[in-house]
Amino acid sequence: MSLQLPRTLRPLIINDIPKALAKKWGKAECDTRCTLATAYRLVDCYGWGDLIYGHLTCKVPETNHFLINPYGMHFKEVSAASLIKVDTDGNIIDPGTTKFPFQMTGYVIHSAIHSARPDLKAVFHIHTREGMAVSCSPAPLYPVSQTGALTIPHTYHDYQGVVVDDEEKDALRKSFNPPSKNLILKNHGLVSGGDNIEETLANLYFLHSYCQTYVDAGFINDPKTAKMVALTDEVIQKAKSGARKVRSQINKGVGEFEALARQLDYAGMETGYPYSDASRDILTKYFNRE
């Protein structure tokens, strides 16, 4: 999957937090807002958006509140200041800087997971063609590739209609148990969670990439072959162990996220992301070049 940067006459700035709100929200929340808004833009660049639907949420540090996108904004428009802060009961704590509401479906799904899974600081939900194709398959998703091994264990939640009330919360909580960080909503789409926003994007990337591979290889229509060539439990554990070692230096997706976020900054979007010293050095050299 390649990152497709949007082409606009004027870059849509991500870090649009005015000084008054920066003082009100504090550094930790502002950093979280910038990081989540950057994730929205990256999801859009990957082509994972669905009109104005789908949600990326994350907990506000040291609170029981979470940030969610305004209902009516395209992912490429979402900015740090526009994000709406709500609690797990659906009360708006801070409306952000737009006049848009938040979507009830997004609230129900994300509040259910955030309240049941305190280990997941961020939860991303998308409806992509490949993800929905896999979610509609009657057969389970067999681990037939290295990327597939990295998504294990993933869990499933049966479709019960458009999620608009609290009745489905308990079922969602039961469907998404630890240690799983990937949930396939049957007949619906994909959900990934993580210890931080950066890891969540990486988890979603791997899950979606695996769905693409599964569809491209024809396993959707041939589950018997998929089961026959599926990796063994022993191989899966070796793959996961090796991946942990390889990725141990990038701090749960931070290294991958920074590499992607820099592309947005190069394009003039001013992410406001709290970069590492290594990334700040690269950016400084880029913007100070003659």
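Buried means under 20% relative accessible area, exposed means over 50%, and partly exposed lies in between (1.4 Å probe, protein chains only). The model is predicted: local features need pLDDT of at least 70, side-chain atom pairs count only at pLDDT 80 or more, and totals for chains, interfaces and linings use all residues. Residues are numbered from 1 along each chain as its sequence is written, and side-chain values use heavy atoms, without hydrogens and water.

**View 1. A tyrosine pair in helix 6.** Helices are DSSP runs of H or I with at least four residues, strands are E runs of at least two, and both are numbered from the N terminus. Tyr-210 and Tyr-214 both lie in helix 6, four residues apart. That is about one turn of the helix. Tyr-210 is buried, at 0% relative accessibility. Tyr-214 is buried too, at 2%.

**View 2. Tyr-266 meets Tyr-286.** Rings of Phe, Tyr and Trp (its six-membered ring) pair if their centres lie within 6.5 Å; planes under 30 degrees apart are stacked, over 60 edge-to-face, and the rest tilted. Tyr-266 and Tyr-286 have ring centres 4.5 Å apart and planes at 50 degrees, so this pair is tilted. Tyr-266 belongs to helix 9 (residues 254-266) and Tyr-286 to helix 10 (residues 277-287), so the pair ties together parts 20 residues apart in sequence. Tyr-266 is partly exposed, at 24%. Tyr-286 is partly exposed, at 28%.

**View 3. Arginines over rings.** A charge sits over a ring if NZ of Lys or CZ of Arg is within 6 Å of the ring centre and within 35 degrees of the ring normal. The charged end of Arg-33 is over Trp-25, 3.6 Å from the ring centre. Arg-117 lies over the face of Phe-176, at 5.0 Å from the ring centre.
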